[in-house]
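Subject: Structure handover

Hello,

Here is the structure for you to take over.

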Amino acid sequence: MSIDTLKKANESLNAIVSYVEHQPASEGKLIGWDIALKDNFNMIGTLTTASCQLLSNHKSIYNAHVTDLLLASGANIVAKTSMDELGMGGTNLSAITGPVSNPYDTSRISGGSSGGSAALVGAKAVRVALGSDTGDSIRKPAAFVGAVGVKPTYGRISRYGVIPYASSLDHVGYFTQSVKDAALMLEVLAGRDNKDMTSSFEPVPAYTELLDMDLEGKRIGIFSSIQDYMPEGEIKKSFQEFTNQLEAKGAILVDKKMDETLLRAVLPVYSIISNSEAVANHADLDGVRYGVAQEGDSLEEIMKRTRTLGFSETIKRRFVFGAYALDDKNQEEVFNQAKRVRRVIVDAYAKFFDDVDVVVALASTQIAPKIEGPFLDEKSDQSLISENHMVINNFSGYPSMTMPLAFVDAMPIGINISTKPFEEATMFAYANAFESLINWKGAF
């Protein structure tokens with residue numbers, strides 16, 4: 001795809017921060033694939049702003065590990081995509097370049113924080129786009145735009161060269177237009193990287209050769225707590241019709257529920273841990289080490305003015321919350337307690353997989369909201385339980401992916417599939433079988 005063609009496609013989406021032109025390698029698994037990078041992935045010579053005003057002048061002097069892998073595989077990297085500022089959001093409304101629009105209805109959001117990447121793949125403007133997922137920042141947008149969105153096991157893909165948000169929760173992942181492409185992408189991107197000590201030594205299977213599977217007799221967990229707290233309507237009906245199809249193919253569905261108290265704790269625990277880790281990760285954004293520096297009469301004043309003017313009010317508020325949780329007076333009762341509750345949630349979730357291969361749920365209980373709102377009440381059970389459950393896969397590090405299910409009110413909805421650590425081959429095989437049942441066509 002030419003840059004001019006991509007620019008035309010972007011006019012209605014506002015998904016691109018900058019365009020990339022380079023000479024792709026002449027061989028590899030990804031020859032001819034147009035791929036975009038979320039703007040927190042470093043690529044030499046490109047702006048890498050993380051959609052933050054403070055980093056608006058930041059030009060990469062090195063490649064992220066995954067950038068090198070893509071280039072070596074012949075990928076044609078064409079653009080850097082918009083995101084919520086520093087990855088801290090779920091709407092892609094906070095980017096310095098403005099809101100990203102959904103390709104199915106430009107008055108609606110694409111989701112966040114990887115909303116620019118989601119919009120381009122949903123519109124089929126690129127074949128693949130990379131993103132990062134700290135809560136559900138790939139998988140929720142994928143549901144909103146009718147794409148496949150993959151968050152592999154924690155450590156499966158190196159995060160070297162990716163501007164972080166929260167290190168114990170961050171995952172590198174991606175959007176594709178099919179399950180087969182998703183399987184091939186993990187073959188290219190997965191593996192040990194000594195520059196990222198959290199990356200795994202686990203061998204990388206040939207995922208594309210392991211996709212064929214018959215659903216007869218397969219045990220599938222249905223995370224029914226998610227449907228329990230959503231309103232009746234076409235989305236719920238579409239999911240029920242899908243589960244009926246699974247049973248018609250001979251699958252054995254196993255009901256899975258989690259204690260309501262734990263489910264309601266997911267978002268608060270996530271907020272405490274992610275904001276606390278973000279404070280530490282972004283301490284170097286001060287205009288001295290990184291960022292657009294503001295004038296001042298002292299080093300302290302330069303740093304204070306830089307951070308005051310360089311971050312949005314939302315980000316500054318998150319940093320205040322994180323700093324409070326890390327303060328010596330509060331750390332035991334707030335941050336450490338959140339980590340303990342996280343462990344309880346993960347232990348309860350791990351039991352889901354004692355007797356099933358995968359767990360399936362709706363990725364979202366709503367279609368993409370309008371850019372101007374209204375948005376769900378964050379304190380409602382629909383929000384706390386039904387809209388934040390995919391965060392559990394960031395708590396646990398378990399692999400998780402979203403794929404299109406159906407149209408409701410001319411907008412895509414999606415399902416989420418999760419399995420045990422490093423069993424992405426199983427996840428892709430089930431997703432491939434589901435894809436055949438669903439027969440998603442999209443509108444582009």
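A cavity here is a set of points, on a 1 Å grid over the protein atoms alone, where a 1.4 Å probe fits but cannot get out, and lining residues have an atom within 4 Å of a point. Grid points are joined across faces, edges and corners, and a volume is the space filled by probe spheres set on the points.

This is a predicted model, in which local features need pLDDT of at least 70 and side-chain atom pairs count only at pLDDT 80 or more, while totals for chains, interfaces and linings use all residues. Residues are numbered from 1 along each chain as its sequence is written, and side-chain values use heavy atoms, without hydrogens and water.

There are two cavities of 30 Å³ or more. Among the residues that line the second largest cavity are Pro152, Tyr154, Arg156, Asp170 and His171. Its lining has four nonpolar, three polar and three charged residues. In this count Ala, Val, Leu, Ile, Met, Phe, Trp, Tyr, Cys and Pro are nonpolar, Asp, Glu, Lys and Arg are charged, and the others, Gly among them, are polar.

The largest cavity holds about 50 Å³. Its lining includes Phe223, Tyr349, His389 and Asn416, and divides into six nonpolar, four polar and no charged residues. β11 (358-362) and β13 (411-418) each give two or more residues to this lining, and β11 gives the most, with three. Strands are DSSP runs (E, at least two residues) and helices likewise (H or I, at least four), numbered from the N terminus.

Lastly, Ile44 lies in the loop between β2 (34-38) and α2 (65-72). Ile44 is exposed, with a relative accessible area of 52%, where exposed means over 50% (1.4 Å probe, protein chains only).

Regards

Conventions. Buried means under 20% relative accessible area, exposed over 50%, partly exposed in between (1.4 Å probe, protein chains only). On a 1 Å grid over the protein atoms alone, a cavity is a set of points where a 1.4 Å probe fits but cannot get out, and a pocket is an open set with protein on both sides within 12 Å along at least five of seven lines; lining residues have an atom within 4 Å of a point.
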